[in-house]
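Have the structure open and follow along.

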Amino acid sequence: MFDKDHLEERIDEIYKRYYLDVYRFLVCFSGSQNDAEDLTQEVFIRILHNLSNIHHISNIKTWIFSIAKHVAVDHYRKKRFSSLFADGFFRQMASTEKEPNEFMEQSETKQLVRAAIAKLKPHYRAVVILRGINECSIKETAEILQCSEAKVKVDYHRALKELRKKLKMDMKEVMGNAN
Amino acid sequence: MQTDKDLFDLMKEAYPLNPREDFVSVTSDQLRRAARKLERNRNMKRLSFAAASIAICAMAISWLLFYGGEDLIASKFKMLEEGKMSSSINKAEPSVYIYQSHNLESFLPETQVNDPSEAFHQTKNITLVGQRLSESLKKRGIQSIHDQTDIAAILKEKGLPFSKAYAVARESLLAALKSHPSVKMILDIHRDSKKRSDTTININGKDYPRIEIIVSRSSDHYEENYKFAKRLHDQLEAKYPGLSRGVTVKDDGPNHYNQDVLGRSLLLQIGGVENTLKEEYRTADALAEVLGDILKEEEAK
């Protein structure tokens with residue numbers, strides 16, 4: 001009764017501060033804007049419900065990312081095979097204002113990058129996105145994924161190596177086709 | 001595509017890195033609504049809990065005020081305070097007050113001594129007989145207050161002579177009467193010092209310690225007490241012939257045996273120093289039966 005707007009204020013503040021981080025993580029992880037938006041909502045609803053139960057959160061940033069990661073992995077399991085080409089991708093294409101040729105080339109590269117990311121196993125994907133897109137430190141990443149910092153370092157390098165290999169291969173293929 | 005940074009830049013370009021604006025505001029509103037709802041539910045829970053507490057309090061208070069719970073609480077507290085009173089704790093009000101002015105009076109077979117003047121015991125004493133009478137009355141649906149004050153200990157502590165026992169017993173008696181106006185009968189339980197042959201009678205093959213009813217003539221309630229003593233004697237005679245040794249009127253008595261406090265106050269000598277506790281209990285049960293009859297007859301009137 002005395003702290004009537006407490007919860008509302010808290011969740012609003014947390015949302016404003018972290019929605020972009022969460023969304024970016026999810027859009028890279030899922031490869032779809034629509035899915036990422038839905039999942040972002042789910043993440044913050046989960047945060048809200050846990051906020052009223054948990055009194056002490058030691059590190060809110062890593063806590064939020066770990067929730068986001070759980071939501072993402074759950075989603076990944078649900079639609080393991082159908083997230084390669086999502087509608088968000090085509091919508092994004094439609095709004096670009098580039099010359100057809102250039103555009104095709106551009107979008108083809110994007111498509112390749114997305115496909116390569118989507119092929120990474122979820123743990124590698126999470127490490128790459130957290131480190132590369134969300135700019136989390138090694139320590140934070142380890143906290144979020146609940147593993148050691150050493151494992152984060154190793155997985156990060158392996159994931160990038162794998163990603164590069166895939167991209168190089170695919171690029172060559174595309175070039176070859178173009179010629 | 002050489003460095004990690006190049007790779008990340010490529011990744012950043014590959015995805016729409018900002019959600020739609022309307023999505024951001026819609027989600028914000030949605031969260032606020034959900035938070036309000038959650039808060040409301042929580043307040044409802046808190047409110048219903050408070051309401052339930054208030055209802056329970058109200059019930060307890062009304063019970064105290066309207067259904068006489070007050071006396072129960074008072075008697076409970078009294079018990080805690082003194083630790084000596086085992087009063088009736090049922091809904092019904094106590095109608096009998098039982099005490100033992102000479103609380104250490106005991107029995108030769110129980111104390112393993114031969115000298116009647118030494119037949120006193122800290123635990124195996126006349127108080128147990130009063131206790132048995134109280135319990136036996138309770139079984140018959142009659143509530144009583146059994147005072148277990150160790151009067152001998154108080155006398156010793158205050159350096160008072162044995163004859164002051166009645167004066168000491170009077171204090172608890174007056175206090176109990178004040179908090180229990182329902183009491184209409186007071187019994188001071190003693191045992192005689194006479195020989196076994198004088199204090200025992202065999203009824204239907206069982207030895208019963210006999211009862212002597214003593215009334216003080218000097219008390220203000222002498223007449224009422226005497227009348228009641230006679231009635232008790234008559235009814236005992238009717239059910240257990242010979243159990244009562246009759247009514248003895250003493251011209252005086254220390255403190256009038258406290259029989260000036262209330263009409264229908266009696267001093268009862270149940271058995272003598274040579275009886276056993278087992279026998280004493282037998283008479284206590286018989287006495288309870290007759291007292292119960294008397295009280296029920298009165299209720300019926």
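Please keep in mind that the model is a predicted one.

What describes the packing of two helices? The angle between their axes and the distance between those axes do. For H1(A), residues 6-30, and H3(A), residues 60-78, the angle is about 30 degrees and the axes lie 10 Å apart. Since angles under 35 degrees count as roughly parallel, H1(A) is roughly parallel to H3(A). Their crossing is right-handed.

H3(A) also packs against H7(A), which covers residues 138-145. Here are the two pairs together:

| Helix pair | Angle | Axis distance |
|---|---|---|
| H1(A) and H3(A) | about 30 degrees | 10 Å |
| H3(A) and H7(A) | about 50 degrees | 8 Å |

How are H3(A) and H7(A) oriented to each other? They are oblique, therefore, given the angle of about 50 degrees. H3(A) passes H7(A) in a right-handed crossing. On the H3(A) side, the contact is formed by A:Lys61, A:Thr62, A:Phe65, A:Ser66 and A:Lys69, and on the H7(A) side by A:Glu140, A:Glu143, A:Ile144 and A:Leu145. This contact holds three nonpolar, two polar and four charged residues.

Now to where the chains meet: the contact draws 32 residues from chain A and 27 residues from chain B. In chain B, helix H1 (4-14) and helix H2 (21-66) each contribute at least two residues to the side that touches chain A. H2(B) gives the most to that side, with 14 residues. By class, the residues on the side of chain B that touches chain A are 16 nonpolar, four polar and seven charged.

One more helix of chain B is worth a look. H7(B) runs over residues 165-179, and at 1.5 Å a residue its 15 residues should span 21 Å; the end C-alpha atoms are 22 Å apart, which agrees. Which residues of H7(B) are buried? They are B:Ala165, B:Tyr166, B:Val168, B:Ala169, B:Ser172, B:Leu173 and B:Ala176. Their cover includes strands E2 (96-99), E3 (144-147) and E4 (185-192) of chain B, along with helix H6 (151-158) of chain B.

Methods:
Residues numbered from 1 in each chain as written. Chains lettered and ligands numbered in written order. Predicted model: local features only at pLDDT ≥ 70, side-chain atom pairs only at ≥ 80, totals over all residues. Contact = placed C-beta atoms within 7 Å. Helix = DSSP H or I, 4+ residues; strand = E, 2+ residues; numbered from the N terminus. Nonpolar A, V, L, I, M, F, W, Y, C, P; charged D, E, K, R; others polar. Axes fitted to C-alpha atoms, helices over the stretch in contact; angles between N-to-C directions. Parallel < 35°, antiparallel > 145°, perpendicular 65-115°, else oblique. Left-handed = near helix turned anticlockwise from the far one by under 90°. Expected span 1.5 Å × (residues − 1). Buried ≥ 20, exposed ≤ 12 C-beta atoms within 10 Å, placed from the backbone.
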